[in-house]
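Try each task yourself before you read the solution.

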Amino acid sequence: MGSAGTGSIDAGSPNAGSPNAGSVDADSTNAGRERLARYSLTGPENQAAVNAGLAGGAWFRSAVPRKRMKELMKRSDYPAVRDTAIWLGLILLFGALGTTFWLVWHSWWAVPFFLAYGVLYGSTSDSRWHESGHGTAFKTRWIDEGLYQLASFMIMRDPTTWRWSHTRHHTDTLVVGRDPEIAVMRPARLAKLLVNYFGLVDVPTAFWLMFRHASGRLTADEADYVPESERHRVYRTARVHLAIYAVTIGLAIGFGTWLPVVLIGGPAFYGRYMLQVYGFTQHAGMGENVLDHRLNTRTVKMCVVNRFLYWNMNYHVEHHMFPMVPYYRLPELHEEIKHDCAPVYPSLWAAYKEIIPAVLRQLRDQEYYVRRELLPGAAPFNEPTPLNDGRALPLPAETAA
Amino acid sequence: MPQWIAACAADDIDPEDVIPFEHDGSDYAIYRSPDDVYYATDGHCTHEKTLLCDGLVMGGVIECPKHNGRFDYTSGKALGAPVLVDVRTYPAKVIDGTVYIEVG
């Protein structure tokens, strides 16, 4: 934990720092497997979290005067229309330049343009998906919904299941057995995380889900959070998305060129890495089973380019505490509540200097987590019981289902 | 037995805003529309019981502060995921600068 203002809690795990390394490794591997099973939404941890009061809990929120909060929540079409026009314009520009160099000059100069196109398509669609999914990006609802549908297709997420998944993520952020969007578990599935920088897990999974949904079925986890009345949308959308990919592949085969796949679908592989780079800063290595976003979420300072690409999702503590504030007002919200928070991470580099060692340590010590120090005068952490201190200790037996 | 009860002064609510009101152990949300008409609903979102009074009023719509679910507060109609169940509404009227709602 090298960054200033960052602390940690030593969980006192019997595995941590033990001299008996051989048996400890075997023990920690088994413990790791057992702990990973706790993340299942269909396992006993789900009901145990409900019984323990962790599910749908009362989260800490900084006190912001109602008048100021109304100003911050206020919606406007202008910022998101401007930013979306720039974003789509850049995608079209880089796609057109790449295509031209490919088709007309058969030149390797197509590559950098496709790389830029790929990142805009395959990574930054995540933040557009996120903001429009909350319904906060635009004042006009149909524009918001249009961007949500487009970005969902680009990022290969079903718009309905992921809307409900993300709703649960906000209700039960990093609550084990409840949150379906915990990207970095304890222990982290490192190989999966690393190959997924190029979509090698997410994309095949997305297609498996599309076929499953198109045949009128959900997974058991999805059935836990998608209401019955919403499921027909899932099946219909999967058929539409599959039809688009079928046409794309058909064009590639028919014309004997990879170009259609490079432009549609392919960026989810070759342009996905920045999604991972940005996304891991949100929660990786931080507390689980807490009811305070200052214990499980990061806010990281980013340059203006990254903030445009990420649509200010780097203000993630602020977003989780007040999800109705649109992305273009998050910097102002940060100023309102920063006195209550831990110091902001000054850069992506500073965040990763903390994340990488923490995730590696969690491979052998799953009770370890990054614990930030609040600024003097900040409201204390919301930790009504030891269950809420971030270690995500096994829930009491009497609360298990 | 339905009864009209005094909830607040009309001026307690800004135009296009909402305030909470508690009566007999129940929470209500009292709205003032942009054209100065008053409405009342249950105090909690039908999705996960978050208090609507912390949400955002936009025209005739209240947005829940937790998951951004929206209701037409004039009719109680849920306007889409994640709110799928309408919120209960209550008649409201203003007499001599006081907002009354009919409960029970």
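What follows is a set of tasks, each with a solution in steps.

Before you start, note that this is a predicted model, where local features need pLDDT of at least 70, side-chain atom pairs count only at pLDDT 80 or more, and totals for chains, interfaces and linings use all residues. Residues are numbered from 1 along each chain as its sequence is written, while chains are lettered from A and ligands numbered from 1 in the order in which they are written.

**Exercise 1. Find which helix gives the most to the side of chain A that touches chain B.**

Step 1: Get the residue counts. Chain A brings 17 residues to the contact and chain B brings twelve; two residues are in contact if their C-beta atoms, placed from the backbone, lie within 7 Å.

Step 2: Look for helices, meaning DSSP runs of H or I with at least four residues, numbered from the N terminus (strands are E runs of at least two). In chain A, α3 (66-73) and α8 (159-171) each supply at least two residues of the side that touches chain B.

**Exercise 2. Work out how α8(A) lies against α12(A).**

Step 1: Take the geometry. α8(A) and α12 (residues 231-255) of chain A pack at about 130 degrees, with axes 7 Å apart. Axes here are lines fitted to C-alpha atoms, for helices over the stretch in contact, and angles run from 0 to 180 degrees between N-to-C directions.

Step 2: Name the arrangement. α8(A) is oblique to α12(A), since angles under 35 degrees count as roughly parallel, over 145 as roughly antiparallel, 65 to 115 as roughly perpendicular and the rest as oblique.

Step 3: List who meets whom. P159(A), T160(A) and T161(A) of α8(A) meet R233(A), V234(A) and T237(A) of α12(A).

**Exercise 3. Decide whether H169(A) is buried or exposed.**

Step 1: Locate H169(A): look in helix α8 of chain A.

Step 2: Count. H169(A) has 20 other C-beta atoms within 10 Å, so H169(A) is buried. The cut-offs are 20 or more other C-beta atoms within 10 Å for buried, 12 or fewer for exposed, and partly exposed in between, with C-beta atoms placed from the backbone.

Step 3: Check the contacts. Leaving out residues up to four places away in sequence, H169(A) touches D179(A), P180(A) and E181(A).

**Exercise 4. Explain why helix α6 of chain A is largely enclosed.**

Step 1: Ten of the ten residues of α6(A) (residues 125-134) are buried, so the rest of the structure largely encloses this helix.

Step 2: See what covers them. The cover includes α5 (110-122), α7 (141-155), α8, α15 (273-283) and α17 (304-310) of chain A.

Step 3: Look just past the end of α6(A), where G135(A) has a positive phi of about 75 degrees.

**Exercise 5. Trace the open sheet of four strands in chain B.**

Step 1: Write down the order, β2-β3-β4-β9, with antiparallel pairing. Strands pair if DSSP finds at least two bridges between them.

Step 2: Follow the bridges. Seven join β2(B) to β3(B), five join β3(B) to β4(B), and two link β4(B) with β9(B).

Step 3: Find the edges. β2 (17-23) and β9 (89-90) of chain B have a single partner strand each, so one side of each lacks a neighbour in the sheet.

Step 4: Finish with β3(B) (residues 26-32). Five of its seven residues are buried, so this strand is largely enclosed by the rest of the structure.
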